[in-house]
Amino acid sequence: MKMLQNLIPVKAAREVCDEFPIRRREDMAGDEETTTAATLETTSTWAVASVCFILIALSILIEHALHLLAKYFNKKRRRSLIHALNNVKSELMLLGFVSLLLTVCQKYIAKICIPRSVGETFLPCKTLTESDSEEETKCEEQGKMSLLSRQGVEELQYLIFVLAFFHSLYCVLTFGLGMAKMKKWESWEAETRTLEYQFTNDPRRFRLIHQTSFGKQHLRYWSEHRILRWPACFIRQFYPSVSKVDYFTLRHGFIMAHFAEGSNYDFQKYIKRALEKDFGVVVGGSFWVWSFSMLFVFFNAQVFYNYLWLPFIPLVMLLLVGTKLQGIITKMCLDSHDKALVVRGTLLVRPSDHFFWFGKPELLLHLMHFILFQNSFQLAFFTWTWYKFGFRSCFHDTTEDIVIRLVMGVLVQLLCGYVTLPLYALVTQMGTSMRTIVFTEGVVEGLNRWRRKAKKNIARRNNHSARPSLDASLDNSPSFNTLDTSFSVDLDQPSSDAGYLTVEISDEETVATKRPEPRQKLGSFEGFDSCKTS
């Protein structure tokens, strides 16, 4: 019995000794796991130098590529695209600065403790994941939780870079699709210079508005009733979004409002320049657009079931804008019909701001900006959650969520590029005032050079007297003495600040060394001099 009592402690001691190495090995393994994250103090200098060299080389390569692209745009005199490229650079710099602030402040953000009852509201997922970092442990000891953990800050930085990439890529693809769709407008513009077109639109021919192609297309039984007109315009925006008849009629109305009758102004190139300038606005960001993006992040909580309604907002707004643009064309036709039942030559529509919402054509540009940004933001958010948390994460735990977001993102891009953007590019030119982009880059440079030269001459001759009119010094200016004096431009306003201006051209739109002879209107085909055909 005594021997058994002595054996029990020995057996227990052996079991303890057998378990001790195992526990010791587990503790050592745990220590190794906690010490695997090496700092720069224990990292080879060649490794640090190699990584820094690769990152710097990639950055310089990207910067050089952007510089070459800017030189190409400058060579082609595409200042609007240069402005768009600068906006992209500014947007990337802004997002990079935000990422830098998050990196510097992530420790301090993680130390901000909030009550657990507040932190567990509006969650994107049903379950919470625990973190063992120092800051979260400190908040845990107080019975609270961190406002945003370090891991959350790092994941947010990934979202910022994905958003910057998607927004720029999405805008380029959308405007590329729109430009490709509007490529056929070049042949339409060339057709306006043919004898057949000028004979068809001979101002000596009189017709009823209902007999014109534009009138047949827009003067229907539903045109007079607003309740019926909106559904009809909604359907008409899909096919064709811009017809040849609409292009010819709106082109004629634009030229008659701002140029001389029969002018051969290239309306298609003007639309192209205007769209490039709008692209510079859309590709950038603004405070109100970012504010709505933060609302999108907030409504991503599970309690809102946002996949059932949030992806549809850009689509609904895009269809509303397209319907409004078609409605503007119909209302211009109705306005011409109310003023005259008989037309001479081509039906004349009169551009005016009152056709647009709140009398502001530029409001449609801001709506297009919002639509493109929000749609790209949703696609970027989906890609980011897929990359960081997996395809079947709690952010997209249902098949309906995935299908709706992907289908809406692709559908909005196709509709915007092929349907709404060409319609927007044409109709928004029908405001009361035409834009400064109406002049080519060469004319703008000549006007600015002449303006600076005239100011110097006036200041040199009249230092203390009242400033005379700039028109009086036109003949004395050797830098732009070939400009036709029929141009009348308010040059006291900087060209970069004013988006629109009113230009009166009494005779010719082009620069000529001599004042041309007056055009024959009754003996010509819409400005085409029949005496010069031989």
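This is a predicted model: local features need pLDDT of at least 70, side-chain atom pairs count only at pLDDT 80 or more; totals for chains, interfaces and linings use all residues.

Analyst: **Glutamate 155 and its setting**

Glutamate 155 is buried yet has no salt bridge. The nearest side chain of opposite charge belongs to lysine 388, 5.3 Å away.

Where does glutamate 155 sit? Its place is in helix H6, residues 150–181. Set aside its neighbours within four places in sequence, and glutamate 155 is in contact with Trp384, Lys388 and Phe389.

Side chains of opposite charge can pair when their charged atoms come close. The whole structure has eight salt bridges.

Take aspartate 401 and arginine 405. Their closest N and O atoms are 2.6 Å apart, and they form a salt bridge. Both lie in helix H16, four residues apart, which is about one turn of the helix.

A network comes next. Glu189, Arg193 and Arg251 are joined by salt bridges that share partners. Within it, glutamate 189 meets arginine 193 at 3.7 Å, N to O. Glutamate 189 is buried at 2% relative accessibility. Arginine 193 is partly exposed at 37%.

Another pair is arginine 116 with glutamate 120. Their closest N and O atoms are 3.6 Å apart. Arginine 116 has a relative accessible area of 24%, so it is partly exposed. Glutamate 120 counts as partly exposed as well, at 36% relative accessibility.

Next, the nonpolar side chains. The largest nonpolar core has 74 residues. Phe254 and Tyr270 have the most contacts inside it. Helix H16, residues 399–427, gives the most to this core, with twelve residues. Apart from it lies another core of 17 residues, including Trp290, Ala380, Phe381 and Phe395.

What does phenylalanine 254 touch beyond its neighbours within four places in sequence? Its contacts there include Phe259, Tyr265, Phe267, Tyr270 and Pro351. Gln429, Met430 and Met434 are in contact with phenylalanine 254 as well.

At 11% relative accessibility, leucine 365 falls under the 20% limit, so it is buried. Leucine 365 and aspartate 278 are 87 residues apart in sequence, but 7.3 Å apart from C-alpha to C-alpha. Among the contacts of leucine 365 are Asp278, Val281, Val282 and Tyr424.

Some nonpolar side chains are on the outside. Phe53, Ile54, Leu58 and Leu61 form a nonpolar patch on the surface. Together they have about 450 Å² of accessible area. Isoleucine 54 lies in helix H2, residues 45–75.

Finally, step back to the protein chain. It has 534 residues, and 41% of them count as buried. There are 17 helices and ten strands. Take contacts between residues at least 6 apart in sequence: 81% of them join residues at least 24 apart. The chain exposes about 31300 Å², and carbon and sulfur atoms supply 62% of that.

Technical notes
Residues are numbered from 1 along each chain as its sequence is written. Side-chain values use heavy atoms; hydrogens and water are left out. Patches are made of residues with over 30% relative accessible area and no salt bridge: like charges are joined within 9 Å, nonpolar side chains (Val, Leu, Ile, Met, Phe, Trp, Tyr) within 5 Å. Accessible areas come from the Shrake-Rupley method with a 1.4 Å probe; for residues, only the protein chains shown count as cover. A salt bridge is a side-chain nitrogen of Lys or Arg within 4 Å of a carboxyl oxygen of Asp or Glu. Helices (H or I, at least four residues) and strands (E, at least two) are DSSP runs, numbered from the N terminus. Buried means under 20% relative accessible area, exposed over 50%, partly exposed in between (1.4 Å probe, protein chains only). Contact means heavy atoms within 4.5 Å. A nonpolar core is a set of buried Ala, Val, Leu, Ile, Met, Phe, Trp, Tyr and Cys residues joined through side-chain atoms within 4.5 Å. Lys and Arg count as positive and Asp and Glu as negative; His and the chain ends are not counted.
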